[in-house]
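Work through the exercises below with the sequence and the 3D view open. Each task is followed by its solution.

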Amino acid sequence: MAKSAAVRARFFDDVLRDALKQGITQYVLPGVGGDSRTHRLDLPASCTVYELALPDVMEYRQSVFAGDTHSACTHVMIGCDMAKDDWVSILKDKGFNPEIPTLFLAEGLCMYIPDGGRELFAKAHSIMARSGSILAFDCLNRTFVEEEMKEDNMEAWRTHVGEGVRGHMSCPETVLSDIGYSGVEVTELAEAGVEVTELAEAGIKHGYASQGSIEFLRKHPRDPTCEDDGIPRNLFAVCMVER
Ligand SMILES: C[S@@+](CC[C@H](N)C(=O)[O-])C[C@H]1O[C@@H](n2cnc3c(N)ncnc32)[C@H](O)[C@@H]1O
């Protein structure tokens with residue numbers, strides 16, 4: 001788990017670095033938890049990062065990052081429940097500018113949202129008004145979530161993560177295109193060229209393609225038009241707003 005989280009973090013670090021190179025200065029990190037990305041990477045003072053997390057998580061986060069002097073950018077910390085609260089209004093009240101390109105980066109979040117993130121990403125699309133905005137996130141397909149929701153596994157999740165996995169998205173290509181995003185790219189990490197050799201054995205055993213080897217994925221290629229193919233998959237999606 002810790003190793004796959006590290007690989008996942010690296011993937012999204014690269015997405016953020018690319019966004020920086022493209023000149024994006026506005027970042028929204030929903031379900032930010034303890035993510036240190038915008039403190040670790042050198043975001044210049046011209047950047048503003050809106051970080052959203054459940055209120056108690058945000059309180060803890062504020063205490064952890066209060067002393068950070070490394071980061072030059074502005075951090076706007078917002079405690080809210082994105083499944084219930086009107087986070088769009090809160091974001092705008094806090095200064096979010098819908099007129100400039102944004103990176104909306106949801107790492108490790110949508111599996112905790114019952115609809116798998118569909119409403120979240122539709123709302124994000126509605127506020128990211130400028131072409132050139134980017135949405136990036138990871139999600140679990142239906143088989144992965146159904147496996148995790150078996151009682152034995154749920155117990156492990158409650159112990160290690162504190163919440164159950166609920167939301168799934170097997171076909172981000174369709175969901176995102178229906179919302180209006182364009183240039184949708186969906187990958188599994190090994191497919192993206194990340195060799196996770198230490199994880200291959202465990203991944204293959206459990207059928208987790210994202211944690212498995214490139215060989216495993218070659219044997220079990222994903223059909224992007226398929227709702228679900230019975231293999232637990234952790235999918236990584238990047239897409240654009242174009243109006
Ligand atoms: C597995 S953690 C991921 C944290 C961080 N993004 C990372 O990848 O390191 C999931 C995060 O989603 C947050 N979360 C879950 N449901 C949420 C909701 N309804 N509104 C806001 N945050 C939520 C949790 O508080 C937790 O911090």
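Two residues are in contact if their C-beta atoms, placed from the backbone, lie within 7 Å. This is a predicted model: local features need pLDDT of at least 70, side-chain atom pairs count only at pLDDT 80 or more, and totals for chains, interfaces and linings use all residues. Residues are numbered from 1 along each chain as its sequence is written.

**Exercise 1. The core**

Find the residues with which Leu105 is in contact, leaving aside neighbours within four places in sequence.

Solution. 
- Start with Leu105. Its contacts are Phe12, Val15, Leu16, Tyr27, Leu29 and Ala136.
- Next, define the core. A nonpolar core is a set of buried Ala, Val, Leu, Ile, Met, Phe, Trp, Tyr and Cys residues joined through C-beta atoms within 7 Å.
- Buried means that 20 or more other C-beta atoms lie within 10 Å of the residue's own; exposed means 12 or fewer, and partly exposed lies in between.
- Now place Leu105. The largest nonpolar core has 48 residues, and Leu105, Cys110, Leu135 and Ala237 have the most contacts inside it.
- Strand β5 (residues 134–140) gives the most to this core, with six residues.
- Helices (H or I, at least four residues) and strands (E, at least two) are DSSP runs, numbered from the N terminus.

**Exercise 2. Strand β4**

Why is strand β4 (residues 102–106) largely enclosed by the rest of the structure?

Solution. 
- Count burial. Five of the five residues of β4 are buried, so the strand is largely enclosed.
- Check the neighbours. Two strands pair if DSSP finds at least two bridges between them.
- β1 pairs with β4 in the parallel sense over three bridges. Here Tyr27 has Leu103 as its bridge partner.
- β4 and β5 run parallel and are joined by four bridges. Ala106 stands opposite Phe137 in β5.
- Follow the chain. β4, helix α5 (residues 118–127) and β5 make a right-handed β-α-β unit. Right-handed means that, with the strands pointing away from the viewer, the path from the first strand over the helix to the second runs clockwise.

**Exercise 3. Strand β2**

Which residues lie on each face of β2, and are they buried or exposed?

Solution. 
- One side carries Thr48, Tyr50 and Leu52; the other carries Val49, Glu51 and Ala53; all are buried.
- β1 and β2 are parallel, with five bridges. Pro30 stands opposite Leu52.
- β2 and β3 (residues 74–79) are parallel, with six bridges. Thr48 has Thr74 as its bridge partner.
- β2, helix α3 (residues 55–65) and β3 form a right-handed β-α-β unit.
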